[in-house]
Amino acid sequence: MPSAIFHRVARGSLLLGAAALCSVAAPTASTAAPAAAPAPVAVTVNAQAGLATVPDTALGVNDAIWDTNLGTAETSDLLKSAGVRMLRYPGGSYADIYHWRDHTAPGGYVAPDTDFDTFMASAGRIGAEPMIIANYGTGTAQEAADWVRHAKDKGYRARYWTIGNENYGNGHYGEPWEADNHADKSPAAYAAGVVAFAEAMRAVDPDIKIGAVLTTPGNWPDGLVGAGDAGTWNQEVLTRAGAHIDFVDVHWYPGGGTAAEALTRTSHVDDAMYLLRRQIDQYAGSNAGRIQVSLTEMNVGVGQNTQPGALFLADAYSDLLENGVFTVQWWNVHNGIGNVSTVAGQRDYGDFGLLSSGNCASDGSVCEPPLNTPFAPYHALTLMKSFVHPGDQLVRAGTDDPLVAAHAARRPNGDLQVLLVNRDPDNERTATLDYRGYSPSTSTAPTVISLGNGAPALETAAVGTATEQTLAPYSLTL
């Protein structure tokens with residue numbers, strides 16, 4: 001596996017560190033007492049409290065030009081089965097060194113059969129809308145405009161274009177991981193670049209959507225004002241380029257030293273999205289109301305291939321879609337083996353991919369499952385396909401237990417789906433559901449789709465009732 005395949009991990013797991021190890025003395029036989037069963041969880045679903053409507057592009061993932069399996073029929077069909085509706089290319093920080101015309105990325109590895117036309121054929125097979133990252137770091141506005149022209153001449157449905165990747169990581173704030181050949185690396189310079197790129201690209205196709213890179217509120221470098229700047233990265237970009245963009249693009253790697261801590265980080269979503277929307281309204285001028293939000297990279301801090309990754313994906317995708325994000329995209333389809341550990345009794349490979357790359361540790365001591373074996377987050381994404389359909393109305397749901405999360409969506413035909421996330425690795429929960437503005441059927445058991453810890457696939461059965469469900473430890477229940 002080329003070392004370049006881990007470029008995203010350098011921003012994810014390596015900065016966050018390995019899961020913390022701790023030991024707790026077990027009680028002796030004479031002092032141990034039977035654990036009390038957890039109290040029932042009260043779940044409230046208010047079908048009349050509407051949140052956002054699910055867009056066509058809701059469920060997304062990332063593709064990368066160093067992935068030798070990008071575009072293969074097997075990979076494409078797996079993504080289609082998982083309900084992927086948006087596909088991002090050419091892959092994170094590689095976007096700022098990638099030149100589409102000759103399919104090169106100086107300083108990085110480009111796998112064979114991963115060019116733009118191959119990617120678009122894969123997107124067509126999947127039925128996914130492409131999101132393409134124009135090379136701001138080492139490219140030009142003319143290069144991006146020529147790319148738009150190529151896509152238009154080919155008859156591709158390529159509407160969404162982001163200018164660069166994580167351009168605030170160009171060293172302006174002291175952390176240089178994103179390639180940027182511009183002498184001026186300030187947010188004002190990036191904003192000027194966004195305007196120039198947008199004008200050149202729209203001159204070729206006025207119907208495309210242009211996105212600018214922002215930083216997620218509460219995450220570095222949010223709140224920092226660089227030397228010589230008039231404001232923060234988000235303030236400068238929105239003030240100077242807000243009139244020229246259709247959406248903003250943010251990333252989120254919330255970290256967490258343990259699986260339990262990582263799973264609590266979804267509680268940050270509402271505040272982060274509120275603050276981001278507030279920044280857009282404050283700084284983007286008269287165009288603010290039409291600027292959408294995409295979250296195009298995300299992964300969990302611990303247990304990327306095991307149940308924490310699955311629970312986090314379902315909970316975070318739901319939270320973000322409830323807040324009106326028009327696409328949420330997991331990093332990544334394939335990524336490669338990382339730090340191997342055991343999480344909740346399951347082998348975790350520290351691999352940020354949805355699907356196994358089938359490779360081994362450098363010393364050959366541990367190998368992943370065969371190529372394209374789905375990891376737990378893949379199954380969670382497949383469950384999300386059953387939970388949210390384009391046009392569904394997300395509605396408010398909540399619980400009285402911090403270890404259990406609830407989400408709900410109402411179909412245009414009036415049907416209601418309820419998603420329950422049990423973050424307790426050791427105990428099942430009995431959930432009692434109370435509905436407001438909705439009367440569930442009581443004559444038959446509801447159809448329940450679930451994913452338990454270590455399960456090789458989703459399970460579907462008619463069990464329980466619409467008002468009471470038993471949630472297995474560390475499980476998703478729809």
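How many strands form the open sheet, and in what order do they come? Let's look at this predicted model in a few close-up views, with residues numbered from 1 along each chain as its sequence is written. Local features need pLDDT of at least 70 and side-chain atom pairs count only at pLDDT 80 or more, while totals for chains, interfaces and linings use all residues; side-chain values use heavy atoms, leaving out hydrogens and water.

**View 1. The open sheet.** Here 9 strands line up in the order β17-β16-β19-β14-β13-β12-β1-β15-β18, with mixed pairing. At the edges sit β17 (459–462) and β18 (468–471), each pairing on one side only. Strands pair if DSSP finds at least two bridges between them; helices (H or I, at least four residues) and strands (E, at least two) are DSSP runs, numbered from the N terminus.

View 2. Helix α10 (residues 376–387) lies across β12, β13, β14, β16 and β19, at about 160 degrees to β16. Contact here means heavy atoms within 4.5 Å, and axes are lines fitted to C-alpha atoms, for helices over the stretch in contact, with angles from 0 to 180 degrees between N-to-C directions.

**View 3. The closed barrel.** Now meet a barrel of 8 strands, β2-β3-β4-β5-β6-β7-β8-β9, with parallel pairing. Helix α4 (residues 141–153) lies across β3, β4 and β5, at about 155 degrees to β4.

**View 4. A salt bridge within a helix.** Arginine 240 and glutamate 236 meet through their side chains (3.5 Å, N to O); a salt bridge is a side-chain nitrogen of Lys or Arg within 4 Å of a carboxyl oxygen of Asp or Glu. The two residues are about one helical turn apart, because they are 4 residues apart in helix α6 (residues 233–241). Glutamate 236 is buried at 6% relative accessibility, whereas arginine 240 is partly exposed at 44% (buried is under 20% relative accessible area, exposed over 50%, partly exposed in between; 1.4 Å probe, protein chains only).

**View 5. A salt bridge between distant parts of the chain.** Arginine 423 and aspartate 315 form a salt bridge (2.8 Å, N to O). Arginine 423 is in the loop between β14 and β15, and aspartate 315 is in helix α9, 108 residues apart. Both residues are buried.
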